[in-house]
Amino acid sequence: MSSAMMQYLAGRALRMQAQALDGITTLADWKAVREERRREFLADLSLSAVPEFAGLRQRTTGECTGGGYRMRRIGFEVLPNCWASANIYYPDPLPPRPAPGVLYVSGHAQIGVQHYQYNPQMWARRSYVCMILDTIEQGDNPGEHHGYALGREDLWISLGYTPAGGETLNSLRALDVLAADPAVDPGRLGTTGISGGGALSFYLAVIDERIKAVSTLCGISAPYDAIGRRRMFGHCDCLYPLNLFGRDISDYAALIAPRAAMFCFGDNDPLFHPEETAGLVNRARKVFDLYNSGEKCRLLTNTCGHENHPVFYRATQEWFDLHVAGDARPVIEKGIAQELN
């Protein structure tokens, strides 16, 4: 792409940012456009025409136990005869009443749920049920996730497809499985993940109000950060919905309000700029404030890189205790033997 074209696109991105939530001054203003914004975001994910799918099937393919948890390996149907893989971690023993649930969305580690397994183990030990799913490229899900980023599928955009939508559909079906589990309270659900998983957990929270709280780690990119600061060259396709309507990402982050959204970023993360991340959260908070819920839109930063820093690890537990479980629980600190991300 030529330098002149990049400058033109950067200028458009700045205008999107300047016009974010333009004309929204009252809660009535926001409610008047809210459903339209949601339909726009579904279109950006290529999910407008996805039919409802009843009769969701799943298969248990293995089980194991560990200290304070029991894990069930499953395959679950995303669409008729189209399956994805996941693990569900349960407290052992189970609590006397249905537990809050967490959907953990994997990032881009090569081995998926195995790489991130310390996260669902932690949640189960804290008396949550946690489901963690592989991406399209991981585990038993052979497929292509980095199509146009690596030049393998340069027609995807012109065909109206983005893997952000395919992955979000997997997450929606996974949430169906988690919410229907007898061990889970479907009224207490949260989602989290880092990097690509941070983006995908954010998308899920935007479009599905069953999610009471999200903690997205190092995963949300505003258009200007992506284009003007050239961050797009380090990211995967899933970080970028199609943006058919020329919106700043804060226009869609506002759809989470008045539910709880925490955005975690490292000040030294090479994939995101601190000024841009702070700006997008502050723009979205405008709508949270209209609901008198400004405290439910939180930016948490730390002097670190692209990682699930122990500060984020602790804060996410406390965030979900407050906004999902509804009670405080002992925090499990991140061990030095665990992967940083």
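Let's start where helix α4 meets helix α5: in this predicted model, the two helices pass each other in a right-handed crossing. Two packed helices are described by the angle between their axes and the distance between the axes. For helix α4 (residues 163–180) and α5, the axes come within 9 Å and cross at roughly 65 degrees. Angles of 65 to 115 degrees count as roughly perpendicular, and α4 and α5 are therefore roughly perpendicular to each other. Which residues touch here? On the α4 side you will find Ala164, Glu167, Thr168, Ser171, Leu172 and Leu175, and they meet Leu200, Tyr203, Leu204 and Ile207 in α5. Sorted by class, the contact of α4 with α5 has seven nonpolar, two polar and one charged residues.

Helix α5 has another helical partner to look at, helix α2 (residues 27–44). The axes of α2 and α5 come within 10 Å, and their crossing angle is roughly 140 degrees. This time the crossing is left-handed. From α2, the residues Arg38, Phe41 and Leu42 meet Tyr203, Val206 and Ile207 of α5. The contact of α2 with α5 holds five nonpolar residues, one charged residue and no polar ones. Look for Tyr203 and Ile207 in your view: they take part in the contact with α4 and also in the contact with α2.

Now step back to the strands.

For an example of pairing, follow strand β2 (residues 69–79) and strand β3 (residues 82–91). These two pair in the antiparallel sense over 10 bridges. Within this part of the sheet, Arg72 stands opposite Ile88 in β3.

Helix α3 (residues 118–125) and helix α9 (residues 310–325) pack at an angle of about 40 degrees, with their axes 12 Å apart. That angle makes α3 oblique to α9. The crossing of α3 past α9 is right-handed. Tyr118, Asn119, Met122 and Trp123 of α3 make the contact with Tyr313, Thr316, Gln317 and Phe320 of α9. By class, this contact of α3 with α9 divides into five nonpolar and three polar residues, with no charged ones.

Most residues other than glycine have a negative phi, and most peptide bonds are trans. Where does the chain depart from this pattern? One place is the peptide bond from Asp92 to Pro93, which is cis, with omega near 10 degrees. Pro93 sits in the loop between β3 and β4. The peptide bond from Ala257 to Pro258 is cis as well, with omega near 5 degrees. You can find Pro258 in the loop between α7 (249–253) and β8. Then there is Ser46, which is not a glycine and yet has a positive phi of about 60 degrees. Ser46 belongs to the loop between α2 and β1.

Finally, zoom out to the whole chain. It has nine helices and nine strands. Its radius of gyration is 19 Å, close to the 20 Å that the globule rule gives for 341 residues, so the chain is as compact as a globular protein of that length. Along its principal axes, the C-alpha trace spans about 60 × 45 × 40 Å.

Notes:
Residues are numbered from 1 along each chain as its sequence is written. This is a predicted model: local features need pLDDT of at least 70, side-chain atom pairs count only at pLDDT 80 or more; totals for chains, interfaces and linings use all residues. Side-chain values use heavy atoms; hydrogens and water are left out. Axes are lines fitted to C-alpha atoms, for helices over the stretch in contact, and angles run from 0 to 180 degrees between N-to-C directions. Helices (H or I, at least four residues) and strands (E, at least two) are DSSP runs, numbered from the N terminus. Angles under 35 degrees count as roughly parallel, over 145 as roughly antiparallel, 65 to 115 as roughly perpendicular and the rest as oblique. A crossing is left-handed if the near helix is turned anticlockwise from the far one by less than a right angle, and right-handed if clockwise. Contact means heavy atoms within 4.5 Å. Ala, Val, Leu, Ile, Met, Phe, Trp, Tyr, Cys and Pro count as nonpolar, Asp, Glu, Lys and Arg as charged, and the others, Gly among them, as polar. Two strands pair if DSSP finds at least two bridges between them. The radius of gyration is taken over C-alpha atoms; the globule rule is 2.2 Å times the number of residues to the power 0.38.
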